[in-house]
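User: I'd like to go through this structure with you. Can we take it one spot at a time?
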Amino acid sequence: MDKIIDILDSIAYEKGLKIDDVENALKEALIKTAQKMVDETLTFDANIDRVNKKLELFQKIEVVDEEDERLHANAVNKLGVALNYENYITLEEAKEIDPDLEIGDFMNYDLEFENMGRNAATILHSNFEYRLQRFVEENIVNKYKEKIGKTVAGTVTRIDKQDNTYIEIGEVKGILQRKSRIKGETFKVGDTLKAVVKGVNIDKANGLLIDISRTSPKFLENLLILEVPELKDQKVTIEASARIPGSRSKIALSTIEPQIDPIGAVVGVKGVRIGSVSKQLNGENIDCVEFSTIPEMFISRALSPALVTSVKIEKHPSYGEKGKAIVTIPSDQKSKAIGKAGLNIRLASMLTKYDLELIEIAPLNTTSSNNDNNTQEERTTDTASLEALFK
């Protein structure tokens, strides 16, 4: 028994498991083996006594009332499954053995595992290995579920026909799907890459796979935190972020430290900090804006570099998460507000969570005989489906 305890401790250490999990695996394997070798309908239990260095396997018999239906040979449970009446004993019969027994107590009959033969040892080994593996997988799943939203690094091991990239992350494999890769990126076997953990999946062909992404706004935030000490020390906070991966992104920054310029801290001297992160994102342009708790001001800043004349918030169930913002801008600021291919206005909408509607007016330094003819409306493209791609 001393050797068995040492072996259990060794297994727990080597596989990174709790000793209780290893002991439970052995007990479950013993019970399964007893059911296989003796009778599957009987109730068994096992116990590891570390103090007295004993490994116990026994049949459990429940003490019931004399009128209990489970005592009958044809008894079934609520699911219609046949019950073995040998799992039960009447109170009267039980008290002849032990006067202190009451209804609901259990009588334990010891079994000698050694007497079950060589087949029992083989079955026990197989069951024990199986249950250990389940505990190992569960341990890894829980470990990486705690890493969801965090950045991991790994080495590329292969790239399949669908252009999915597989990387080795510690004891598990990660999969970077093509849709989760920044446009224009290419990898080859042996490359080291960083990505954010999106989820943990069990794949029939590949087993446990960690789903990772380089297009998530969280990946951008994590890279900035690694690069900017003020973010790591929480002197500057990222309030929101939005990305169109590989093209452009916007982040909203705030601070409670009056002596710190949040945008300057993140950009760094001559743009060194923001440039380093941009390089890791395949040259993605990163705009920094100062966050405001006043929605109108936040929207105005989010649309930079465009200069906004006014912002009006409208609420309606058919609008986005927070509502619709009607933004009035001079006509000469229209192209800046919309941005190339509509990137600026879409990112501003994703960042602020407002549907944005532009109303264009003539510049203040121009005159017109009919102002109504110089006022135009321009709505944003719905960004909900676009944003969902990169979560």
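User: Start with lysine 53. Is it buried, partly exposed or exposed?
Analyst: Lysine 53 is partly exposed, at a relative accessible area of 44%. Buried means under 20% relative accessible area, exposed over 50%, and partly exposed in between (1.4 Å probe, protein chains only).

User: What kind of model is this, and how are residues numbered?
Analyst: It is a predicted model, where local features need pLDDT of at least 70, side-chain atom pairs count only at pLDDT 80 or more, and totals for chains, interfaces and linings use all residues. Numbering runs from 1 along each chain as its sequence is written, and side-chain values use heavy atoms, with hydrogens and water left out.

User: Back to lysine 53. Where is it?
Analyst: Lysine 53 sits in the loop between S1 and S2. Helices (H or I, at least four residues) and strands (E, at least two) are DSSP runs, numbered from the N terminus.

User: What is its phi?
Analyst: Lysine 53 has a positive phi of about 55°, although it is not a glycine. Most residues other than glycine have a negative phi.

User: What about just after H11?
Analyst: Lysine 353 takes a positive phi of about 70° there.

User: How many residues of H11 itself are buried?
Analyst: Nine of the 10 residues of helix H11 (residues 343–352) are buried, so the helix is largely enclosed by the rest of the structure. Among the buried ones are Leu343, Ile345, Leu347, Met350 and Leu351. Asn344, Ser349 and Thr352 are on that list too.

User: Switching to charges. How many salt bridges are there?
Analyst: The structure holds 18 salt bridges. A salt bridge is a side-chain nitrogen of Lys or Arg within 4 Å of a carboxyl oxygen of Asp or Glu.

User: What does aspartate 9 pair with?
Analyst: Aspartate 9 forms a salt bridge with arginine 50, and their closest N and O atoms are 2.8 Å apart. Aspartate 9 belongs to helix H1 (residues 2–15), while arginine 50 is in the loop between strand S1 (44–49) and strand S2 (54–64), so the pair ties together parts that are 41 residues apart in sequence.

User: What about lysine 54?
Analyst: Its side chain meets that of glutamate 56 in a salt bridge, 3.6 Å from N to O. Lysine 54 is partly exposed at 42% relative accessible area, and glutamate 56 is partly exposed at 23%.

User: And lysine 188?
Analyst: Lysine 188 and aspartate 191 join side chains in a salt bridge, 3.3 Å from N to O. Lysine 188 counts as exposed, at 54% relative accessibility.

User: What about phenylalanine 187?
Analyst: Phenylalanine 187 counts as buried, at 18% relative accessibility. It lies in the loop between strand S7 (172–176) and strand S8 (192–203). Its C-alpha is separated by 8.3 Å from that of isoleucine 159, 28 residues apart along the chain.

User: Tyrosine 166: buried or exposed?
Analyst: Tyrosine 166 is buried, with 6% relative accessible area. Its place is in strand S6 (residues 165–169).

User: Now serine 292. Where is it?
Analyst: Serine 292 is in the loop between strand S12 (285–290) and helix H9 (295–302). Serine 292 is buried, at 10% relative accessible area. A polar atom of its side chain lies 3.1 Å from the backbone nitrogen of isoleucine 294.

User: Last one. What joins serine 304 and proline 305?
Analyst: A cis peptide bond, with omega about 15°. Most peptide bonds are trans. Proline 305 is found in the loop between H9 and strand S13 (310–314).

Notes: Polar contact = N/O pair within 3.5 Å; in protein donor to acceptor, adjacent residues only side chain to side chain.
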